[in-house]
Amino acid sequence: MKKRSQIGEQYKWNLSSLYPSDEAWEDDYKKASEQLVEIGKYRGRIAESADTLYEVVIAELALDRLIHNLFAYAQMKKDEDTNVSTYQSMATRAEGMAVKISSAVSFIVPEILSIDEQLIMEYIEKNEGLKLYKKHFKDILRSKPHILSEKEEKLLADTMEMASSPYNIFGMLSNADFKFPIIKDSKGEDLTLSHGNFIPTLESSDRNLRERAFKAYYSFSTNSKINI
């Protein structure tokens, strides 16, 4: 299989629309850290006025866009080559930041639901900016029976990283550390099996190739040794 450095640029994704450089990513990571502290200043104040409600909604959406960009860039850079530790670290940091942000904003929905629905509608009518998010508030109000208390919502948010660890660990072992078996293809040439080409190989018209691929892959899956 070709290495990424051997693939033409026209076949690679271009992440410059997200961040032109790793340094720009680091700048936004720092910004996210600052913004999650700032949004905490709205705790207990959301019901104060229409303007305050608008400010907290804008602040939460800004954080949401920021973490989506941070996570997408880091994860896709990691996927370019799962052996590159720099992007493994960035992806881990982005996931950790997502957990911090989720925890930091966990008070918002419970506080909004503690406001009388009629008052929320009055706030929306008073503030032109809030009118744009009228459906957003209706969705929140509709979900009221399924929302926990602020403490419980925060507890759930704090467990996100722990809950995703088994999936992440398996992904790193499977995509970076496992050495897949090599079989002979229909032309007698070496073919390194992978997660990507296993199913297409099983769909080959060559019955013997299908058998070799199946036995090699599943023998590998049950008896493989991890090279770390």
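# Helix packing in a predicted model

Me: Is the crossing in which α1 passes α3 left-handed or right-handed?

Reply: The model is a predicted one. The two helices in question are α1, residues 22-39, and α3, residues 85-104. The crossing in which α1 passes α3 is left-handed.

Me: Are α1 and α3 roughly parallel or roughly antiparallel to each other?

Reply: Helix α1 packs against α3 at an angle of about 20°, and their axes are 10 Å apart. Angles under 35 degrees count as roughly parallel. The relation of α1 to α3 is therefore roughly parallel.

Me: How many nonpolar residues are in the contact of α1 with α3?

Reply: From α1, the residues that meet α3 include Trp25, Tyr29, Leu36 and Ile39. On the α3 side, Tyr87, Met90, Arg93 and Lys100 are among the residues met. By class, this contact has four charged residues and one polar residue, and its nonpolar residues number eleven.

Me: How are α2 and α3 oriented to each other, roughly parallel or roughly antiparallel?

Reply: Helix α2 covers residues 50-80, and its axis is 8 Å from that of α3. The angle between these two helices is about 155°. Angles over 145 degrees count as roughly antiparallel. The orientation of α2 and α3 is therefore roughly antiparallel.

Me: How many charged residues does the contact of α2 with α3 have?

Reply: The α2 side includes Leu63, Ile67, Phe71 and Lys77, while the α3 side includes Met90, Ala91, Glu95 and Ile101. Sorted by class, the contact has 13 nonpolar residues and two polar ones, and its charged residues number three.

Me: Within what arc do the buried residues of α5 fall?

Reply: Helix α5 spans residues 117-126, and its buried residues are Ile120, Tyr123 and Ile124. Seen down the helix axis, these residues line one face of α5, because they fall within an arc of 100°.

Me: Which helices are included in what covers the buried residues of α5?

Reply: On the other side of α5, Gln118 and Lys126 are exposed. The side with the buried residues Ile120, Tyr123 and Ile124 is another matter. The cover over these buried residues includes α2, α4, α6 and α7.

Me: Are α5 and α7 roughly parallel or roughly antiparallel to each other?

Reply: The axes of α5 and α7 cross at roughly 170° and come within 11 Å. In the contact, Ile120, Met121 and Ile124 are among the residues of α5, and those of α7 are Lys134, Phe137 and Leu141. The contact of α5 with α7 has five nonpolar and three charged residues but no polar ones. Angles over 145 degrees count as roughly antiparallel, so the relation of α5 to α7 is roughly antiparallel.

Me: Is Ile147 buried or partly exposed?

Reply: Ile147 sits in the loop between α7 and α8. Its C-alpha atom and that of Leu113, 34 residues apart along the chain, are separated by 8.8 Å. Buried means under 20% relative accessible area. Ile147 has 27% relative accessibility and therefore counts as partly exposed.

Definitions and conventions: Residues numbered from 1 in each chain as written. Predicted model: local features only at pLDDT ≥ 70, side-chain atom pairs only at ≥ 80, totals over all residues. Heavy atoms only, no water. Axes fitted to C-alpha atoms, helices over the stretch in contact; angles between N-to-C directions. Helix = DSSP H or I, 4+ residues; strand = E, 2+ residues; numbered from the N terminus. Parallel < 35°, antiparallel > 145°, perpendicular 65-115°, else oblique. Contact = heavy atoms within 4.5 Å. Nonpolar A, V, L, I, M, F, W, Y, C, P; charged D, E, K, R; others polar. Buried < 20%, exposed > 50% of the residue type's maximum accessible area, 1.4 Å probe, protein only. Arc of directions from axis to C-beta. Left-handed = near helix turned anticlockwise from the far one by under 90°.
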